[in-house]
Amino acid sequence: MAVSIVVNEKAFISDEKRNVVIDDISLEIKQGEFLTIIGPSGCGKSTLLKIIAGLDTDYMGKVHIENRRIVEPGINQGFIFQEHRLFPWLTVEQNIAADLNLRDSKVKQKVAEIIQIVRLDGYEKAYPSALSGGMSQRVAIARALIREPEVLLLDEPFGALDAFTRKHLQDVLLQIWQKKKITMILVTHDIDESIYLGTKLAILRSKPGALQKVMPIKLSFPRNRTDSSFQYLRQEVLKEFEKTKEVVYEQGSGI
Ligand SMILES: Nc1ncnc2c1ncn2[C@@H]1O[C@H](COP(=O)(O)OP(=O)(O)OP(=O)(O)O)[C@@H](O)[C@H]1O
């Protein structure tokens, strides 16, 4: 599904002061596109994602998925957070099914299929306490996928994971995107991740959050982080950051 985002202004009131955190961001994402969003800390990335998800409706502007205006959260907008937020008292398959009935054979079959996709076979009956961070995040991805969202919104989903697990899950996510053709919108701090995954990259600046640049990423899949074309794009993105005159900080190879 295509997504149209117009946020004219988003402000928070704190200590009786009005703090404008997003000023005039418009983005068009076509069906099946993979948009990655990067920007300095505090520029409003998570706020923007919550608006797209319908979790925050107190802003000036409008978000549409196809022709439907988003005014509340719904099953069409799957959301994956940095922390997995699994229920510790439920097994992997129960977490994935959540409010669906696992005794229903169709649900059971769907859970089994999704467990295969996220490569958690053999862990159906395990509890979250027995899972690594990467495995838990795969359960969170599976839980979002079972509702067959038209758009999947991911807020730094791999930020808390080690570099090896992060790379592995990036590939898992790409396979899901290619197989299910879901429109993806992913927020990250990691420049390499934004180029590795995205077909379009939005760079935000801060105070207030606004669009610095939108760049298409035309590299073919599978991508190679060491290719000269990949490295060239990386330099272009870094140059845009310099233009925002914001502090560029390192998180692995990120910002
Ligand atoms: N509920 C809230 N009340 C008041 N201010 C808020 C609230 N949520 C976010 N903000 C402010 O809005 C701005 C943008 O926050 P947001 O979390 O969207 O940024 P971000 O780009 O996702 O940051 P980071 O990269 O560090 O996660 C920040 O200045 C933040 O302090």
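**Ligand surroundings and nonpolar core**

In this predicted model, a polar backbone atom of Gly-44 lies 3.0 Å from an oxygen atom of the ligand. A polar backbone atom of Gly-42 is likewise found 2.9 Å from an oxygen atom of the ligand, and an N or O atom in the side chain of Lys-45 is placed 2.7 Å from a ligand oxygen atom. Taken on its own, the ligand has 640 Å² of accessible area, of which the protein covers 60%.

The residues around the ligand include the run Pro-40, Ser-41, Gly-42, Cys-43, Gly-44, Lys-45, Ser-46 and Thr-47, together with Phe-12, Val-21, Glu-156 and His-189. When this shell is divided by class, 6 of its residues are polar, 4 are nonpolar and 2 are charged. Helix H1, which spans residues 45-53, makes the largest contribution to the shell, giving 3 residues.

Attention may next be turned to the nonpolar interior. In soluble globular proteins, nonpolar side chains tend to be buried together. The largest nonpolar core of the present model comprises 51 residues, and within this core the residues with the most contacts are Met-184, Ile-195 and Val-237. Helix H4, formed by residues 133-145, supplies the largest share of the core, namely 7 residues. Because residues of this core are given both by domain 1 (3-76 + 151-253) and by domain 2 (82-148), the core lies between the two domains.

Note on methods
Residues numbered from 1 in each chain as written. Predicted model: local features only at pLDDT ≥ 70, side-chain atom pairs only at ≥ 80, totals over all residues. Heavy atoms only, no water. Near = heavy atom within 4 Å. Polar contact = N/O pair within 3.5 Å; in protein donor to acceptor, adjacent residues only side chain to side chain. Areas by Shrake-Rupley, 256 points an atom, 1.4 Å probe, with all protein chains shown as cover. Helix = DSSP H or I, 4+ residues; strand = E, 2+ residues; numbered from the N terminus. Nonpolar A, V, L, I, M, F, W, Y, C, P; charged D, E, K, R; others polar. Core = buried A, V, L, I, M, F, W, Y, C linked by side-chain atoms within 4.5 Å. Buried < 20%, exposed > 50% of the residue type's maximum accessible area, 1.4 Å probe, protein only. Domains from an automatic or database assignment.
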